[in-house]
Amino acid sequence: MFSYRHAFHAGNHADVLKHITLLIGLNLLQRKETGIALIDTHAGAGIYNLESEYATKSAEAIEGILRLASYCNENPDGIPDGVKAYFKEISHLNQHQTKSIKTYPGSSQLMLQAMRVQDQLKLMELHTTDYPSLVENMTVSQGEYRPKKSVQMFQKDGFTQLKAFLPPPTRRGLCLIDPSYENKDDYQFVLTALKDAIKRFATGAYFVWYPILQRRDATELPHQLAEFCKDHHLPYLQAELQIKSQILTEGLAASGMWIINPPWQLQEQLEICLPFLVKALGQDDYSRYELTAHD
Ligand code: SAM
């Protein structure tokens, strides 16, 4: 079993980019009444305690959600709607906190909170410790937020399981593919999972998170995704956020979201959010964002 535990990284800058993009996309899709299948192939534990031993050891939230929160507190004017909506979801888990954010919702918890009765949520998590935590967290949250919602969890390989849910009965779907890339084969597994998924459900919205690292497989992935989209005539958006120099950093300085069949107006909303995130989270002259759209 892999050693990666998302609890070490919860609320870092990559989570901020990923979760803001995910929530904006979901909210845009929900403008239509028809139910949506929400699929999280790598769900994690769902909820993270930012004061746990894991989170305090790496302290990654300090460069992510906690930095963004204090920037927004100091600069309350001009916070983009997409960032406000993200904080609104986070506040549900932090109602008893006076100021700081102590509990951070992962992608599965965010989707659970944001889903409607007509939506369905399917979560995959393989880890022997994180899967029971996910089940426990989602069961408590489901009782609190979404008693009548359809949520299914599976301790299965998200890459191979994805296609089993496609196409969704309503022909509307949002799939988050968010591996840790600890297993180097994950780069290829992402492409294979997408190929299988697109064969069955070419109109789904696919949100893929990827790390920006100076390693060959990592640098190749965006090129392979671009080629894949071109070959299959799929529109996409590529959103990247870098918060500091990669050369001087031991950990992750930048990451990206690759969105296939992006919901209408996601690009416009990210055009407002990304420069704001650079201002809020950027630590040096290497901080940057990039947003590329292809039809
Ligand atoms: N999506 C989560 C979020 O945003 O809150 C974080 C997910 S974390 C980056 C990746 C997760 O995938 C880890 O919890 C890991 O245990 C799990 N995992 C690793 N390989 C997997 C696989 N093949 N299928 C499903 N889950 C897997």
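## Basis of the description

Residues are numbered from 1 along each chain as its sequence is written, and side-chain values use heavy atoms, with hydrogens and water left out. Because the model is predicted, local features need pLDDT of at least 70 and side-chain atom pairs count only at pLDDT 80 or more, whereas totals for chains, interfaces and linings use all residues.

Helices are DSSP runs (H or I, at least four residues) numbered from the N terminus. Axes are lines fitted to C-alpha atoms over the stretch in contact, with angles running from 0 to 180 degrees between N-to-C directions.

## Helix 1 and helix 5

Helix 1 (residues 13-29) and helix 5 (residues 107-114) have axes that come within 11 Å and cross at roughly 25°.

On the helix 1 side, the contact (heavy atoms within 4.5 Å) is made by His 19, Leu 22, Leu 23 and Leu 26, and on the helix 5 side by Ser 107, Leu 110, Met 111 and Ala 114. By class, these residues divide into 6 nonpolar, 2 polar and no charged (Ala, Val, Leu, Ile, Met, Phe, Trp, Tyr, Cys and Pro count as nonpolar, Asp, Glu, Lys and Arg as charged, and the others, Gly among them, as polar).

## Helix 8 and helix 9

Helix 8 (residues 186-200) packs with helix 9 (residues 216-231) at an angle of about 15°, their axes being 10 Å apart, which makes helix 8 roughly parallel to helix 9. Here too the crossing is right-handed. Residues in the contact include Leu 191, Leu 194 and Ile 198 of helix 8 and Leu 221, Leu 225 and Phe 228 of helix 9, and the contact has 8 nonpolar, 2 polar and 2 charged residues.

## Helix 3 and helix 10

The axes of helix 3 (residues 65-74) and helix 10 (residues 266-281) come within 9 Å and cross at roughly 100°, so these helices are roughly perpendicular to each other (65 to 115 degrees). Arg 67, Leu 68, Tyr 71 and Cys 72 in helix 3 meet Phe 276, Leu 277, Lys 279, Ala 280 and Leu 281 in helix 10, a contact with 7 nonpolar, no polar and 2 charged residues.

## Around the ligand

Of the 22 residues around the ligand (a heavy atom within 4 Å), those that come nearest are His 19, His 42, Ser 107, Glu 125 and Asp 178. His 19 and Ser 107 also take part in the contact of helix 1 with helix 5.

A backbone N or O atom of His 42 lies 2.7 Å from a nitrogen atom of the ligand, and a polar side-chain atom of Asp 178 lies 2.7 Å from a ligand nitrogen atom. An N or O atom in the side chain of Lys 18 is 3.0 Å from an oxygen atom of the ligand.

Definitions and conventions. Helices (H or I, at least four residues) and strands (E, at least two) are DSSP runs, numbered from the N terminus. A polar contact is a pair of N or O atoms within 3.5 Å; within protein, one must be able to donate a hydrogen and the other to accept it, and residues adjacent in sequence count only if both atoms are side-chain atoms. Angles under 35 degrees count as roughly parallel, over 145 as roughly antiparallel, 65 to 115 as roughly perpendicular and the rest as oblique. A crossing is left-handed if the near helix is turned anticlockwise from the far one by less than a right angle, and right-handed if clockwise.
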